[in-house]
Every structure is written in C-alpha cells, then in structure tokens.
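Here's a quick briefing to read alongside the model. Have the sequence and the 3D view open as you go.

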Amino acid sequence: MKTDLQQALKKYYGYDQFRTGQLEILESVMQNRHTLGVLPTGTGKSVCYQLPAFMRSGQVIVVSPLLSLMEDQVKQLRAKGFKRVAALNSFLNYEDKQQVTRNLASYDLLYVSPEMLQNDYLISRLMQLEIQLFVVDEAHCISQWGKEFRTDYLRLAEVVRTLRNPPVLALTGTATPEVQTDIQHLLGDLEMEKHIYPMDRQNIAYFVQEVQDQQEKNETMLALLRKIQAPTIIYFSSRNMAESVAALIRINMPDMACAYYHGGMENEDRILIQQQFLAGQLQIICCTSAFGMGVDKEDVRLIIHYHLPNDKESFIQEVGRAGRDGKESVSVVLYSTGDWQIPVHLIEQDLPEQSSIQQLMRNLYQRVKAGMTDLPAYELILQHIPIGETQWRFLLYQMEKHDIVKGNQLQYNAQTWKDFLEQIEKLVGDRKKHKLVQLQRMKEWVYTDTCRRQILFAHFQRTVRPASGRCCDNCGDTLQDWETVPVSVQQDAAGWREQLRFLLQQ
DNA sequence: CGGTATTGTAGCGCTAGTTAAGCGAGTACCGGAAGGT
C-alpha cells in the first residue's frame with residue numbers, strides 16, 4: 001500500500017516524499033474508513049483526496065466553501081494535465097451546468113458547494129454514480145458556519161446518507177477538540193479515524209498592546225508597521241474601518257503598498273487584491289474575516305488584530321496565516337476597553353430575538369389561515385418583520401427540522417408550532433450563551449498575565465510546544481530587537497491587471 | 001450621548017434599460033383517474 005501510494009505521488013505530482021500526515025490520512029482513506037484530518041500547513045491537504053481520485057475508479061466529491069477555492073483547484077489541476085475535473089457552481093451558465101451534471105461519470109474529481117448539494121436534480125444524478133470518497137474541505141466551516149450562517153453545511157449529513165454512505169474525509173487546518181467532535185456529530189455521528197497534527201506554531205510570538213483610544217491605536221499600529229516592514233495582515237471587525245485605516249496607512253507610509261479587502265467588494269477586485277498580496281506587490285492588507293481562506297503566502301511576518309475575533313478558534317486561524325515558511329513571525333493584538341462591544345453585537349445579530357420569532361410565526365400562521373401555504377421569500381418577510389438574513393436562514397433550517405416547513409410548503413399543526421416556539425427559545429438562548437462564553441475565553445486570553453501560548457492552546461492540545469524564538473509579552477519578550485527586513489515593493493499593478501484578465505479568460 | 005460593527009452561495013424571475021440574455025430539462029412526489037379485486 002505504502003509503495004503504491006509513493007509511486008502514485010511520484011507519477012502524478014513528481015514528489016518523492018509525503019509531507020507530514022499525508023500518508024497516514026491516505027492509508028485510512030484507501031481502506032475506505034471515514035477520516036478526519038487536521039493538517040496545520042496550508043499546502044498538501046488536497047493530495048489526500050486527489051491521489052485516490054486518480055488511482056481508483058469511482059468519483060471523488062469535494063465540498064468546498066468558496067467558489068474561488070474551487071476555481072483555483074480546478075485551474076491548477078487542468079494546468080497539470082488532469083482533465084477529468086470540474087467545479088459545479090454558479091460560475092457556470094445553465095448550459096454548462098447541464099452539460100456537467102448530465103455527464104458526471106466522465107469526471108474523477110468534482111468540486112461542489114454545500115448549497116449546490118441541496119439541488120434535487122444533482123443529487124439524483126449523483127446517486128447513479130459510484131462515489132468512492134466524499135470530501136469536506138475546510139471542514140471547520142461545518143461547525144463555524146453551519147449553525148447559523150450557512151445552514152446547508154448541516155444538511156451534508158443527510159446528503160451523505162442519501163448517497164448511500166460513501167467513505168467521508170473531513171479536512172481542515174485548525175480544529176479544536178470541540179470542533180472535531182462537532183464535525184463528526186454534524187456529519188451524522190460518523191465513526192472517524194482521526195489524524196490530528198498540532199497547530200501551535202512555534203515560530204509565532206504573541207503580543208497584546210492596550211491603548212486608550214483610537215488615535216493611540218492608530219499610532220501604535222503605524223509604529224509597528226514601520227518597525228516590521230514585511231508582509232502584514234491587519235484584521236478588522238468592520239468594513240468601513242478596514243477601508244479608512246488602509247487610507248491612513250497609505251498617507252503615512254507611501255512606500256508600503258497597502259490595500260483593503262472585505263466581503264462587500266466586487267469579486268474581481270477581491271481576486272486582484274489577493275493575487276497582488278500573494279505576489280508580493282502589496283505589503284499590507286487591511287481586511288475583515290473574509291480574507292484568509294486559500295491565502296497561502298509563505299512570508300507573512302505580522303498579523304495585527306485591530307479588532308478582536310469572536311473566539312479563539314478564529315484567532316488561531318487568522319494568526320496561523322503568518323510564518324508558513326517557519327521563520328519567526330509576530331501576532332499583535334491592539335485593544336481598548338470598548339472593543340468588546342463589537343463581537344457582542346455580532347453574536348447578538350446572528351441569532352433572532354424572541355419577539356421576532358413570535359412575530360414571524362404569527363405572520364406565517366396568518367398566511368396559512370388565509371390559504372397561502374407557500375413559503376414566503378425573505379424579501380417579503382422583511383417587509384413585515386425586522387429580521388436579518390442570517391437569522392431568517394437559521395429559523396428556516398430549524399422550521400424544516402421541526403417539520404413546519406416541508407419542501408416549499410408550510411405545514412400547520414397547533415402543537416408542533418407551540419413546541420417549536422418553546423424549543424427555539426431555549427436553543428437560541430443556549431447558542432448565544434455558548435458564543436458569549438467563547439468570547440469570554442478570548443477576553444481572558446487578552447487579560448492573562450501568564451504565558452499566552454499556554455493559555456491560547458491549553459484547551460486545544462494535550463501539550464503545548466515551546467516557542468522556537470520569542471514566546472510572548474508575558475514571558476518577557478519584546479519586539480525591541482526585531483530586525484527590520486528591507487522589502488522591495490514591485491510597482492506593477494497594471495501588469496497584474498492584464499495577467500488577471502488573462503487568467504479569467506481561460 | 002448616539003451611531004455603528006463579519007462570514008457566502010445560488011438564483012425560472014420578471015429585471016433594467018440608447019446592456020443582453022435567447023429558457024434549454026431529469027427526477028421524485030403527489031393527487032387523481034383507471035383498473036384490479
């Protein structure tokens with residue numbers, strides 16, 4: 001088995017040796033066992049399912065959270081000469097989608113979004129295949145996004161059952177034990193062989209800097225940027241702030257190429273910014289949490305948190321984008337006391353108020369009574385009830401789970417609806433409490449006076465490895481003696497625009 | 001003291017407009033009709 005895999009690695013990729021964890025995960029996959037792989041580095045995860053796709057018969061289905069990730073993968077594979085690969089998503093027009101869907105058997109590797117897997121027609125076509133492996137890439141999304149933001153992630157368990165339980169491979173870069181259990185549970189309580197590799201990066205040093213107000217925050221940030229002139233990501237919890245601080249940096253540091261990035265931008269601009277950062281034409285990115293997945297840049301030296309993430313998992317993920325090359329890198333959290341308001345607000349915003357739920361159910365009841373059993377569209381709901389889209393999707397998922405909605409129809413039953421209201425109140429309460437506890441843990445980490453490395457990973461790993469260089473401010477380390485690495489910024493944005501256009505045309 | 005904060009996909013609908021699309025279709029499920037007992 002091992003020699004077969006090694007030969008295949010050589011044949012398809014030209015490598016002589018597997019990277020950490022790849023062989024172990026592959027052996028588990030090749031024996032058709034459900035597998036959970038947590039591999040910290042950004043590279044090399046895809047080998048774990050691409051190799052089986054090339055070596056064996058039957059299809060490999062890969063669930064991927066971002067269209068850009070799917071497109072990247074497909075483009076790379078096509079460029080390497082693997083033609084039996086496709087991504088099925090809304091980038092395709094109706095004809096191409098039909099073409100792919102009708103000829104699924106002619107692909108070895110098929111990338112899809114979780115939303116796409118809710119399409120009945122696609123499922124019926126998939127059922128006619130012999131699926132050798134069902135992969136969930138970036139599997140932490142199941143736990144992190146599934147419960148409110150992208151509920152279709154929770155419906156993957158049902159999809160796996162419908163497809164007659166093919167072997168499942170869940171892959172991610174960071175997953176705490178809690179998230180690992182969540183993934184297993186939410187994929188249908190699968191018995192999974194786990195291959196977990198430590199995520200405490202030894203070359204990242206942690207610093208927290210308290211500031212009194214925004215002006216001091218900006219000054220501290222600028223001083224840091226001047227000191228560590230190297231590829232930097234600055235995380236914000238607000239799109240507007242990301243934009244305005246990017247402008248501030250441009251004015252104060254005209255030599256450092258800086259841009260902003262967030263979910264409200266045009267797709268083309270987002271791709272462009274990310275490409276420029278990867279190519280070293282941009283040194284600083286001011287961004288929201290939208291930036292990161294699929295960003296595999298080796299030499300990111302500094303991660304600044306201008307605002308705080310909602311939990312330690314997100315923080316670890318964001319910080320983990322530094323120092324992939326193994327060289328010493330730095331995380332700096334800038335905080336002032338009022339900063340906690342933002343994550344609290346964001347947590348509240350994800351989940352509906354009890355009064356909104358009651359209003360909604362009353363509204364739906366009136367519709368049913370008037371003979372309109374069709375599920376109203378979100379836009380229509382919004383005219384009557386002030387409810388966010390995420391909240392609506394959360395409730396919709398719960399209503400389907402409780403048989404209040406079936407297909408596109410409302411099913412009225414007095415008792416069911418009454419029970420639903422009670423259960424949903426408890427669920428929302430528990431969920432908010434849980435998220436606030438996670439935020440509280442983040443807060444404790446900021447205020448701790450013991451080793452930050454120990455506290456950050458304490459609940460996540462049995463042992464925390466020592467830092468290879470500097471550890472953290474609480475261990476007496478400072479950035480005073482940090483060697484400034486001169487950077488050369490290439491001013492070639494126009495050339496990149498052309499290259500991007502060329503890439504998009506293919 | 002008041003305002004203000006993230007994350008993405010798909011989209012058979014009736015848009016936006018001195019823009020163009022070119023609507024294509026397999027399957028499961030349900031209710032009703034036909035036919036069997």
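Predicted model: local features only at pLDDT ≥ 70, side-chain atom pairs only at ≥ 80, totals over all residues.

- Take strand 2 (residues 59-63) and strand 5 (residues 131-136): they pair in the parallel sense over five bridges.
- Within that pairing, Gln59 stands opposite Ile131 in strand 5.

**What surrounds DNA strand B**
- DNA strand B is surrounded by 34 residues, and the closest are Leu67, Ser113, Arg239, Thr288 and Asp350.
- Sorted by class, the surface near DNA strand B has 15 polar, ten nonpolar and nine charged residues.
- If you look at the DNA strand B atoms within 4 Å of the protein, 48% belong to sugar or phosphate, and the rest belong to bases.

**Polar atoms facing DNA strand B**
- Thr288 has a side-chain N or O atom 2.5 Å from a phosphate oxygen of DNA strand B.
- For Tyr121, a polar side-chain atom lies 3.2 Å from a sugar or linking oxygen of DNA strand B.
- His345 points you to a base: one of its polar side-chain atoms lies 3.2 Å from a base nitrogen of DNA strand B.

**Which elements contribute**
- The elements giving two or more residues to the surface near DNA strand B are helix 5 (94-102), helix 6 (120-126), helix 11 (239-252), helix 14 (341-350) and helix 17 (389-401).
- Helix 14 gives the most, with five residues.

How values were computed. Residues numbered from 1 in each chain as written. Chains lettered and ligands numbered in written order. Heavy atoms only, no water. Near = heavy atom within 4 Å. Polar contact = N/O pair within 3.5 Å; in protein donor to acceptor, adjacent residues only side chain to side chain. Helix = DSSP H or I, 4+ residues; strand = E, 2+ residues; numbered from the N terminus. Nonpolar A, V, L, I, M, F, W, Y, C, P; charged D, E, K, R; others polar. Pairing = 2+ DSSP bridges.
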